[in-house]
Amino acid sequence: MSAPRLWGVLAQYENPYTITRACEQVRDAGYSEWDACVPFPVHGLDRAMGLKPSKLPWIVLAVGIAGSSFALFFEAWAMGTAYPMVVGGKPLFSLPAFVPVWYEMTVLSSCVTAFLANWILNGLPRPHHPAFASKAFERVTDDKFFIMVEASDPKFDLEKTKALLTFAGATLVEELEP
Amino acid sequence: MATSTNAITLPDDIRLRGDVVLPDPVVGRELLVRGPHDFHAVTELVCKVNEAPLKATPKPFLFGLALAASGLAMFGGYIGYLLWEGPGIWGNNNPVGWAWDIVNFVFWVGIGHAGTLISAILYLFRQKWRTSINRYAEAMTIFAVIAASSCVALHTGRVWMDYYLFPIPNQMGLWPNFRSPLEWDVFAVNTYFLVSLLFWFTGLVPDFATLRDRATVRWRQVFYGALSLGWRGSMRHWVTYEKAYQILAAFSAPLVLSVHTIVSFDFAVSQLPGWHTTIFPPYFVAGAVFSGFAMVQTLMLPARHWLGLKDLVTAKHIENTNKIILVTGSLVGYAYAMEFFVAAYSGNDYEGFTFLNRMGGPYWWAYWIMVSCNVITPQLFWFRKVRTSPTWSFILAFFVNIGMWFERFVITVTSLHRDALVSSWDYFVPVTEVFYLVGTFGLFFTLFLLFIRFFPVIAMAEVKMVMPQANPHWEGYGHAGEQHAPAVAASGGHS
């Protein structure tokens, strides 16, 4: 590798309005390896970036159904087959009495899945990221809005990309090393 | 570019701002963040609480922490004494087999419910004012459930056998009885604790990242760096994150109703007069929310005063909280009346006796403390002056806390002390239990004060999201944007 290697370009925007407009322009320019970093989810920014809806709900649905079925099966097996015992004159498979634990296990399996899937799908925890080298980027969790375009993007051209980001209203444009 | 942002960017120094009044998004509706604060000001207001150097921790705070920690230390000693001697150190007798152990448990679990109601149910109903108070309400939930678990786990007698409560494979091939309300309770409370913790932590991550990015000291960088999981605010992450948050809220909302329903089953599924009523689940849930919101007020009012958060937790938040106390307090009052009606209408002698005995029997004083604190106190919130006043709110919430403890005492002890056989009748007098209750308060407040000191007490990212400036279509940006984005209307459909 020669000279300083380039990971991508980071541009800072000042408010939700300019970042939304800028994202629309980057999206329309046909970039794919890029991201917007914002202190809070800006309304409509996912559409401005052309993002697809998250897969997370489908994962939660699948695991939730599996966890729920397992819980009911387990209760029926433990109470009716593994150690059959009549309690309170109820039948061995006493569905109404199984409902509370069944319900709680459905909630538990779905919520644990939602929690874990959120971090796994997002690739977190991730201790380091090239953008963390930027001093300006420290305010991404405060009040500044950023777009970063990676050098690996097929459409990436240092000067053109920088010009696009600047024209879109960036107050600061930086190059990032990996 | 500077011209496009000058219209809304205020100077970083809060003292240089002057009286910039931001336009109201909906005419006539009070802004959730009071004063000329921009996003950065919100960050500063919240982080300043956590960022004071350890040595500069305010003296009153340290005094409070010392007081709470000594309560906790005493609780540790009390638990040791309990394990050594057994539950004989309590005044429980036959027939009063359940007393302060269960009263404390139900009291603390109930308090937790307000946190989940604020974080989940108000979220689903798009109540934006929740964002300023949800973080510490959720913290309150978690610490209250810890306090509750410490009561219920210690009341079993042979505490070291508590693992029998869980379906752990064992050499006898035995499983817990899934048909038992007490087993339902184990699952309900554990699920509730775990889900609340996950929900709370998920909400905390972006705010931990804020503290990480602002950290100047090594231990803060490492501490918040580890907790923030490398969060960088990526919109691609936010999309999944928000879905996960919605799903957690959607599951927590029915969960919170189910938990106190199941706690009420501990009583209602038995056949004891005074417990065996179908009104118990909704009555318990209303009572739980009632007591929980009272505890939210008890914690929120001093916190906003001493932590300088009055611009974020405004009179509107106090008023809304009090309105919920008024509604649930009235529901609880209705339930008390309905219990009497059902007892009378059933024509059952034992039911009738139990309720008359509550009112005029040996524990009449507990009953009337309960009624005066829970039914009469919240009615004062019909007056706008009272429900917007922090002082009044604090005093009345304190009475509600007392009243709701006594409600559980009345339900548990007065129903038990008059058995079906007159020869079994007895009177319960606490022996060492008061240390038990004080100890749980020590545990709760130690955790809560540590939380205030080290964790962001207000959900910054969520508060920023409900500020008018967060909307890309906010009028402050309207004409500013036109100069450099002429092609937008054609491309995005956002005009």
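# A sheet in chain A and helices in chain B

Chain A holds an open sheet of four strands in the order 2-3-1-4, with antiparallel pairing. Strands (E, at least two residues) and helices (H or I, at least four) are DSSP runs, numbered from the N terminus, and two strands pair if DSSP finds at least two bridges between them. This is a predicted model, in which local features need pLDDT of at least 70 and side-chain atom pairs count only at pLDDT 80 or more, while totals for chains, interfaces and linings use all residues. Residues are numbered from 1 along each chain as its sequence is written, and chains are lettered from A and ligands numbered from 1 in the order in which they are written.

The edge strands of the sheet are strand 2 and strand 4 (172-176) of chain A, each of which pairs on one side only. From one strand to the next, the twist averages 20 degrees. Strand 2 of chain A is joined to strand 3 (residues 145-150) of chain A by four bridges, and A:Ala36 stands opposite A:Ile147 in strand 3 of chain A. Helix 1 of chain A packs on this sheet and touches strand 1 (8-13), strand 2 and strand 3 of chain A. Here, two residues are in contact if their C-beta atoms, placed from the backbone, lie within 7 Å.

Strand 1 of chain A has antiparallel partners. With strand 3 of chain A it pairs over six bridges, and A:Val9 stands opposite A:Val149. With strand 4 of chain A it pairs over five bridges, and A:Gln12 stands opposite A:Leu172. Six of the six residues of strand 1 of chain A are buried, so this strand is largely enclosed by the rest of the structure. A residue is buried if 20 or more other C-beta atoms lie within 10 Å of its own, exposed if 12 or fewer, and partly exposed in between, with C-beta atoms placed from the backbone. In a regular strand the side chains alternate between the two faces of the sheet. In strand 1 of chain A, A:Gly8, A:Leu10 and A:Gln12 point one way, and A:Val9, A:Ala11 and A:Tyr13 point the other way.

Chain B has 18 helices and zero strands. Of its 495 residues, 47% count as buried. Helix 3 (residues 59-85) and helix 15 (residues 433-454) of chain B have axes that come within 7 Å and cross at roughly 135 degrees. Axes are lines fitted to C-alpha atoms, for helices over the stretch in contact, and angles run from 0 to 180 degrees between N-to-C directions. The angle makes helix 3 of chain B oblique to helix 15 of chain B; angles under 35 degrees count as roughly parallel, over 145 as roughly antiparallel, 65 to 115 as roughly perpendicular and the rest as oblique. The residues of this contact divide into 15 nonpolar, seven polar and no charged. Ala, Val, Leu, Ile, Met, Phe, Trp, Tyr, Cys and Pro count as nonpolar, Asp, Glu, Lys and Arg as charged, and the others, Gly among them, as polar.

The two chains also meet: 70 residues of chain A are in contact with 66 residues of chain B. Helix 4 of chain A gives the most to the side of chain A that touches chain B, with 18 residues. By class, that side has 42 nonpolar, 15 polar and 13 charged residues.
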